[in-house]
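Biologist: Hi, could you walk me through this one? I'd like to begin with the metal site.

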Amino acid sequence: MREIILAIETSCDETSVAVLAEGKYVLSSMVASQIDVHQAYGGVVPEIASRQHIEHISMVVQEALHTASVRREELTAIAVTHGPGLVGALLVGLCYAKGLSYALGLPLVPVHHLEAHIYANFLLPEPPSLPLCGLIVSGGHTDLIYMPRHGEFQLLGQTRDDAAGEAFDKIARVLLLPYPGGPHLEKLAAHGQANLNFPRAWLEAGSLDFSFSGLKSAVINYLHTKKQQGHTVVAADVAASFQQAIIEVLVARAVAAAKRVGAVNLCLAGGVSANNALRQALRQAALEQKLHFFVPESKYCTDNAAMVAMSAHHRLQAGVVADLSLNAAAVLPMTNWVNDRPVHNVVDNGYNSGKKA
Ligand code: KG4
Ligand code: ZN
């Protein structure tokens, strides 16, 4: 029988449903964005996000099936993101997925949101081979992951404070740009010069971790000082300088991580990977280091259910399914589903083992 997965993603502010056939063909990928609703508040309001998901989920599922020209009876599995994310938002997608799975008698495939971001790279016409090294840059996470085979992951580095997307959004906010700030900041930066020297946190020698709070404070202090002095600032230059500082660290760490584990495939993933300056800089660095570089199409960088379906395809092949007791989790560590063990940070730089504060 032809494998046809319907996947649901509601971890934050996008109600997304996709239909994937044979682990290869995206028959539909629908995203109902709530950006307009949250924009008035300058960020995602969790309670409103949950209500919006409830209002839209049935319609988005129907549209995904209609666009894919697939009937419910033709589906072979239901996949759903069960964490990490906003728990109320996750629960909407999870309950709907459980209902479908139960009513249609289909396996329920649990998917980890960050793992799904990595799997967005497998939606490419020419996907990466394994092992690969992945840099996930989203609104809530900045992680470097080594993936020797499907379902096996090692954490090489992560942010110790703000995530990259969070830093973009916070700086965009102080520059009075609309939510979500990342794409707006990128547009503004394109008109500016990176002529301001904001700090890069390189941390201890050998570390593959990130820290963006110092950069964020430096930009905010710069803006306050200029304001107090009565000087005008060139917002585009601030945006360009901030973006350059963050990209420089992301690129250097991603390349160093790939070299450290001897992976020739380097994948970028997560919402911030839609940033063209980052895509170009990492592509160039990978080329210079003779690494194969992969990045999903922009529409599969930000939250979407097609990546969830792709992750589910590989889980399903390995028999990883859940029962109806599956719960949503706001905080959910990645797991090695090949052996059901937690994913550990394998780079001991003192910080992670608690030797340094
Ligand atoms: O992966 P994602 O869609 O949601 C989470 O899982 O968090 O990532 C959203 C983040 C937001 O912080 C958003 O501002 C950022 O990705 N983002 C960007 C760009 N597009 C989205 N950041 C910088 N440049 C962009 N073009
Ligand atoms: Zn995401």
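Modeller: Happy to! A word on donors: these are N, O and S atoms within 2.8 Å of the metal (3.2 Å for Na, K and Ca), and water is not among the atoms, so sites may look incomplete. This is a predicted model, in which local features need pLDDT of at least 70 and side-chain atom pairs count only at pLDDT 80 or more, while totals for chains, interfaces and linings use all residues. Residues are numbered from 1 along each chain as written, chains are lettered from A and ligands numbered from 1 in the order written, and side-chain values use heavy atoms, without hydrogens and water.

Biologist: Thanks! Which residues coordinate the zinc ion (ligand 2)?

Modeller: His-113 and His-117, each through NE2, and Asp-303 through OD, at 2.0 to 2.1 Å. In sequence, the spacing of these donor residues is H-x3-H-x185-D.

Biologist: And where do His-113 and His-117 lie?

Modeller: Both are in helix α4 (residues 113-119), four residues apart, or about one turn of the helix. Helices (H or I, at least four residues) and strands (E, at least two) are DSSP runs, numbered from the N terminus.

Biologist: Is His-117 buried or exposed?

Modeller: His-117 is buried, at 1% relative accessible area, and His-113 is buried too, at 7%. Buried means under 20% relative accessible area, exposed over 50% and partly exposed in between (1.4 Å probe, protein chains only).

Biologist: Changing topic: how many helices and strands are there in the protein?

Modeller: There are 10 helices and 12 strands. The radius of gyration is 20 Å, close to the 21 Å that the globule rule gives for 357 residues, so the protein is as compact as a globular protein of that length. That radius is taken over C-alpha atoms, and the rule is 2.2 Å times the number of residues to the power 0.38.

Biologist: What about the backbone, where are the cis peptide bonds?

Modeller: One joins Gly-83 and Pro-84, with omega about -10°; Pro-84 sits in the loop between β4 (77-83) and α3 (87-104). Another joins Leu-130 and Pro-131, with omega about 5°, and Pro-131 is in the loop between α4 and β6 (132-137).

Biologist: Why point those out?

Modeller: Because most peptide bonds are trans, and most residues other than glycine have a negative phi.

Biologist: Where is Leu-176?

Modeller: In the loop between α5 (164-174) and α6 (181-189). Leu-176 is exposed, at 75% relative accessible area. Lys-290 lies in the loop between α9 (276-288) and β10 (292-294) and is exposed at 69%.
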